[in-house]
Amino acid sequence: MLPASRANGAAPVEQGDAADSAAEAREKHQQEGEAALLKRPFSGWGDPGSPATSEEIEKLKKDLGTVCDPSDPTRKVAAKKANKAYMVHQRWKEEQIKSGRMDPKTGKVTQEPLGPVGKAFFLMLKWSVVGLLLSMAAGQFIAGDPIWGYRGKWVQRKTYLSKRLRVFTPAELALYNGRDEDRPIYLAILGNVYDVSANKRTYGPGGSYHFFSGTDASRAYVTGCFKYHCTHDLRGLDEDQIKQIETWKKFFDDHPTYKHVGTVELPEIDPESPEPRWDC
Ligand code: HEM
């Protein structure tokens, strides 16, 4: 059978037979030193704040040859480096028992360090991640795309990059109608300016929707009257029509290659002026 100290994982102490006064002095010195070290506070989960740092162990080893087992101060273990982890663990256990987190009889952790709310939160997080990964795997397998073809703003890099928005006057915006090759092409809808240079064929000169470039033509997006309704004047439109314009705005917001670059200061519509004509 193994001696108790071996069975506990610590190296045994070689018992000397000298019991003279020098040995007593050494013993006293050792106890005082260890008592001082054992009083050190435990510093938490991450760093168990062992009383026996390698320097201290080395010093004690040199001076005394043995140190107290933190879990049983009446027992001595060799103050060698190999025992450091053991002593740290004993000290950690002692602290867990003291704080009520460990059952002293079974040595089992009785209380979750995070508490029930923290535990529930981590469970939820864990299952959300598992769910997300499963859905992505299914998307890849069924649709050949882990995000099932979704290309909305939440999966676009531009959503997460801070953007510097510029405020345009209508005259400034008009400079970006695609006629100047050196400038990008911008259009505005509901006062928001978008860079649509990625679709030069459609919005550039000669393109089928060139009339939207360099201006806020919100009204025409819903009436389709490109001749008279390229204006931000929305008078006479009903709620549904306004919603349709908002849907177009969303189209530009969510577009993978267009960019929201600013806003345009639109002049107030004179209520006395006539509404845009309908005979397109
Ligand atoms: C209220 C009426 C309409 C509005 C406001 C409208 C608006 C637009 C806009 C803004 C685009 C460009 C989308 C982009 O940036 O990719 C577009 C593209 C297009 N629209 Fe319309 N549209 C209307 C009616 C029509 C009609 C009646 C047709 C067919 C006869 C049509 C055919 C097209 C085609 C073929 C494109 C693609 C053009 C290209 O990429 O070159 N649209 N439409």
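Let me start at one residue. Gly191 is partly exposed, because 15 other C-beta atoms lie within 10 Å. Here is the scale: a residue is buried if 20 or more other C-beta atoms lie within 10 Å of its own, exposed if 12 or fewer, and partly exposed in between, with C-beta atoms placed from the backbone.

Now some ground rules. This is a predicted model: local features need pLDDT of at least 70, side-chain atom pairs count only at pLDDT 80 or more, and totals for chains, interfaces and linings use all residues. Residues are numbered from 1 along each chain as its sequence is written.

How confident is the predictor? pLDDT is its confidence in each residue, from 0 to 100. The chain has a mean pLDDT of 82, and 75% of its residues reach 70 or more. Residues 1–15 fall below 50, and this stretch has 22 contacts in the model beyond near neighbours in sequence. A contact means that two C-beta atoms, placed from the backbone, lie within 7 Å. Residues 41–49 also have pLDDT under 50. For them the model has 10 contacts beyond four places in sequence.

Next, the whole chain. It has 10 helices and six strands. Helices (H or I, at least four residues) and strands (E, at least two) are DSSP runs, numbered from the N terminus. Of the 280 residues, 18% count as buried. Take the contacts with a separation of 6 or more: 53% of them join residues 24 or more positions apart.

On to the sheet. In what order do its four strands lie? The order is S3-S6-S5-S4, in an open sheet with mixed pairing. The edges are S3 (166–168) and S4 (186–189), and each pairs on one side only. From one strand to the next, the twist averages 40°. Strands pair here if DSSP finds at least two bridges between them.

Let's walk across. S3 and S6 run parallel, joined by three bridges. Phe168 stands opposite Val264 in S6. S5 and S6 run antiparallel, with four bridges. Two residues of S5 show this pairing. Tyr194 faces His260 in S6, and Asp195 has Lys259 as its bridge partner there.

S4 and S5 (residues 192–195) are antiparallel as well, over four bridges. Tyr194 and Asp195 come up again. Leu187 stands opposite Tyr194, and Tyr186 stands opposite Asp195.

Helix H10 (residues 239–254) lies across S4, S5 and S6 (259–264), at about 145° to S4. For that angle, axes are lines fitted to C-alpha atoms, for helices over the stretch in contact, and angles run from 0 to 180 degrees between N-to-C directions.

Back to where we began. Gly191 sits in the loop between S4 and S5. These two strands form a hairpin with two residues between them. Which residues does Gly191 touch, leaving aside those up to four places away in sequence? They are Asp216, Thr263, Val264 and Leu266. Val264 is the residue that Phe168 stands opposite. Another pair to look at is Gly191 and Thr215. They are 24 residues apart in sequence and 9.5 Å apart in space, C-alpha to C-alpha.

Leu190 is in that loop too. Its phi is near 50°, a positive value in a residue other than glycine. Is Leu190 buried or partly exposed? Leu190 counts as partly exposed, because it has 18 C-beta neighbours inside 10 Å.

Trp148 also has a positive phi, near 50°. Trp148 is found in the loop between H5 (115–142) and H6 (157–160). Trp148 is partly exposed, because 13 other C-beta atoms lie within 10 Å.

Last stop: the ligand. The residues around it are Asn199, Arg201, Thr202, Ser208, Tyr209, Tyr221 and Gly224. To be near a molecule, a residue needs its C-beta atom, placed from the backbone, within 6 Å of it. How does this shell split by class? It has two nonpolar, four polar and one charged residues. Ala, Val, Leu, Ile, Met, Phe, Trp, Tyr, Cys and Pro count as nonpolar, Asp, Glu, Lys and Arg as charged, and the others, Gly among them, as polar.

Conventions. pLDDT = per-residue confidence, 0-100.
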